[in-house]
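I opened a new model today and kept notes as I went.

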Amino acid sequence: MAMLQNRIAEAGLGLFILITLCVSSAGAFEGYGVCLTPGYLSGTNHEDAFRLLEEAGIQWNRSGFRWHEIEKTRGRYDFAKYDGWVKLADNHKIKMLGMISGVPPWASGKAGPTYPPADLEDFKVYLRVLVSRYPQVRVWEIWNEPDITKFWKGTSHDYFMLLKTAYETIKGI
């Protein structure tokens, strides 16, 4: 185990790996996971990192799909780094838990990605594009820690509406 920890640390992952237990919707234990998002591993060979994760028996990766990075301008999507990330996970037999967050300023009318969208129809469009693009991602999380104002500046009702919209939209795809 020490050798594997050293290899992971050498790959630049040591500080960024959060070991978690992943549970299916049926509640059955399905192994260990990590939380890695494009950008966490700058300067690291991502192929090597995912290879090490596979060797360690990691079965899940929780990865952010940040709306404010993907659709900086309404209707113009840039999935380049996310496509590669999902492909790496697939190539190494690691299931993806996609965490959706980060509202672009054009959709919230405010500076910063932590505000709710002004119009949930914009969020629906993004969800349809995102989820349709990555059918291999079967589990989606809506927002990161919405109970902490560092990550979510909307109200609990705003979050409820975001979550309800996401559930209905994703289930409809």
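**Entry 1: the whole chain.** I am working with a predicted model. I looked up the helices and strands and found seven helices and five strands. From the N terminus on, I read the order as α-β-β-α-β-α-α-β-α-α-β-α. The chain has 173 residues, and 42% of them are buried. I also looked up the accessible surface, which comes to about 9500 Å². Carbon and sulfur atoms own 56% of that surface. Then I turned to contacts with a separation of 6 or more. Of these, 71% join residues 24 or more positions apart.

**Entry 2: helix H4.** I picked H4, which covers residues 80-91. How far apart are the end C-alpha atoms of H4? I got 17 Å. At 1.5 Å a residue, the twelve residues should span 16 Å, so the two values agree.

Next I asked which residues of H4 are buried. They are Tyr82, Trp85, Val86, Leu88 and Ala89. These residues cover an arc of only 155 degrees around the axis, so they sit on the same side of H4. On the other side, Ala80 and Lys87 are exposed. I then checked what the buried residues pack against. The partners are helix H2 (46-55), strand E3 (60-66), helix H3 (67-70) and strand E4 (95-101).

**Entry 3: Leu88.** I zoomed in on one residue of H4, Leu88. Its relative accessibility is 12%. Buried means under 20%, so Leu88 counts as buried. What does Leu88 contact, leaving aside its neighbours within four places in sequence? I found His46, Glu47 and Phe50. I also looked up Ala49. Leu88 and Ala49 are 39 residues apart in sequence, but their C-alpha atoms are 9.6 Å apart in space.

**Entry 4: positive phi.** Most residues other than glycine have a negative phi. Where did I find positive values? Just after H4, Lys93 has a positive phi of about 55 degrees. Trp143 has a phi near 80 degrees, also positive. Glu145 has a positive phi near 45 degrees.

I looked up where the last two sit. Trp143 is in the loop between strand E5 (139-142) and helix H7 (156-171). Glu145 is found in the loop between E5 and H7 too. Are they buried or exposed? Trp143 is buried, at 3% relative accessibility. Glu145 is partly exposed, with a relative accessible area of 39%.

Notes: Residues numbered from 1 in each chain as written. Predicted model: local features only at pLDDT ≥ 70, side-chain atom pairs only at ≥ 80, totals over all residues. Heavy atoms only, no water. Helix = DSSP H or I, 4+ residues; strand = E, 2+ residues; numbered from the N terminus. Buried < 20%, exposed > 50% of the residue type's maximum accessible area, 1.4 Å probe, protein only. Contact = heavy atoms within 4.5 Å. Areas by Shrake-Rupley, 256 points an atom, 1.4 Å probe, with all protein chains shown as cover. Expected span 1.5 Å × (residues − 1). Arc of directions from axis to C-beta.
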